[in-house]
Amino acid sequence: DVCSSDLVERVYVNPRFRVALMDGTAGPYDPGWWQDQTPRDDFDDFLVAYVLSADATRLPLLLLGDPGAGKSILTKVLAARLPARGFTVVRVPLRRIAADVSVRPVDQVQEALDLATDRRVDWSRLSRQCAGTIPVILLDGLDELLQASDHDRRGYLREVMDFQRLEAAVGRDVIVIVTSRVVVADRVDIPPGTTVVKLD
C-alpha cells in the first residue's frame, strides 16, 4: 500500500553493485567473472544515467542477484523513486503471472495490470493516457518464470527487445528492467549491448 511503499522508499539503503555491458567475453552467470568488475555504490546516479540513455528504450536492463540480495525490494523502490511527472511505472511480479499463458512480455504486462486493477486498465489505453511520460516496466523474477514454464524461454530477453521496438514504432518508448537470480543467467540469451547489473 501507499504507506508501506513510502516507508520502504524512505528507509531503503542503496546496495553496492557491479555493472557490465554484455559482449562476447561476458559471463554474468559466473561469480568469478563478476569479481573482475568494479564495485560501485552510486546506484541512484547510475539509474538516472541509464534511463536517460538511448539504450534504455532499445534494450532491457538485466538486474541480477543471489537469493535475498534485494532484487524485488529494489523494484519497489524504483517504482517509488522515479518521478511521476516523467515516468509511468508498471511492476510485474512474474511469480504471479501464469507461466504458460503467453511468451509475450506485453501479455504479461496486461495480466499484471488485470491483477492489480481488477481488469480496469488496458495497457494500450494506459500508455496513451500517460503520453508525456516514459513507461518503465519492471519484470521481477525471470528466474521463477523460467522454472515454472514448460516452454523454452531462452529467447525471453529478445522478446522484450521486440516489445520495445514495436512500442517505439508507434511512438511509445518503453524502458524495461528484468530481475533474475544469477544462477539462471545462462538459461537465457542476453542480447549484445545489454546492460547487466549484479547486486552485491
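**Entry 1: Arg95 and Glu144**

I looked up the pair Arg95 and Glu144 in this predicted model and found that their side chains form a salt bridge, with an N to O distance of 3.0 Å. I then located the two partners: Arg95 sits in the loop between β3 and α5 (105-117), and Glu144 belongs to helix α7, so the bridge ties together parts that are 49 residues apart in sequence. I checked accessibility next. Arg95 has a relative accessible area of 44% and is therefore partly exposed. Glu144, at 28%, is partly exposed as well.

**Entry 2: Asp140 and Arg91**

I turned to Asp140 and noted a salt bridge with Arg91, in which the closest N and O atoms are 2.9 Å apart. Asp140 is part of strand β4 (residues 134-140) and Arg91 is part of strand β3 (residues 87-93), so this pair joins parts separated by 49 residues in sequence. Is Asp140 buried or exposed? I recorded a relative accessibility of 1% for Asp140, which means that the residue counts as buried, the cut-off being under 20%.

**Entry 3: Asp189 and Arg154**

I examined a further salt bridge, where the side chains of Asp189 and Arg154 meet at 3.4 Å, N to O. The pair links distant parts of the chain, 35 residues apart: Asp189 is in the loop between β5 (175-181) and β6 (195-199), while Arg154 is in the loop between α7 and α8 (156-169). I find Asp189 partly exposed, with a relative accessible area of 31%. Arg154 is likewise partly exposed, at 34%.

**Entry 4: the total**

How many salt bridges does the structure hold? I noted a count of 10. Among them are the bridge of Arg95 with Glu144, that of Asp140 with Arg91, and that of Asp189 with Arg154.

**Entry 5: Asp143**

I returned to helix α7 (residues 142-148) to look up Asp143, which is found in this helix. I recorded a relative accessibility of 4% for Asp143, so the residue counts as buried. Which residues is Asp143 in contact with, leaving aside its neighbours within four places in sequence? I listed Thr179, Ser180, Arg181 and Val184.

How values were computed
Residues numbered from 1 in each chain as written. Predicted model: local features only at pLDDT ≥ 70, side-chain atom pairs only at ≥ 80, totals over all residues. Heavy atoms only, no water. Helix = DSSP H or I, 4+ residues; strand = E, 2+ residues; numbered from the N terminus. Buried < 20%, exposed > 50% of the residue type's maximum accessible area, 1.4 Å probe, protein only. Contact = heavy atoms within 4.5 Å. Salt bridge = Lys/Arg side-chain N within 4 Å of Asp/Glu carboxyl O.
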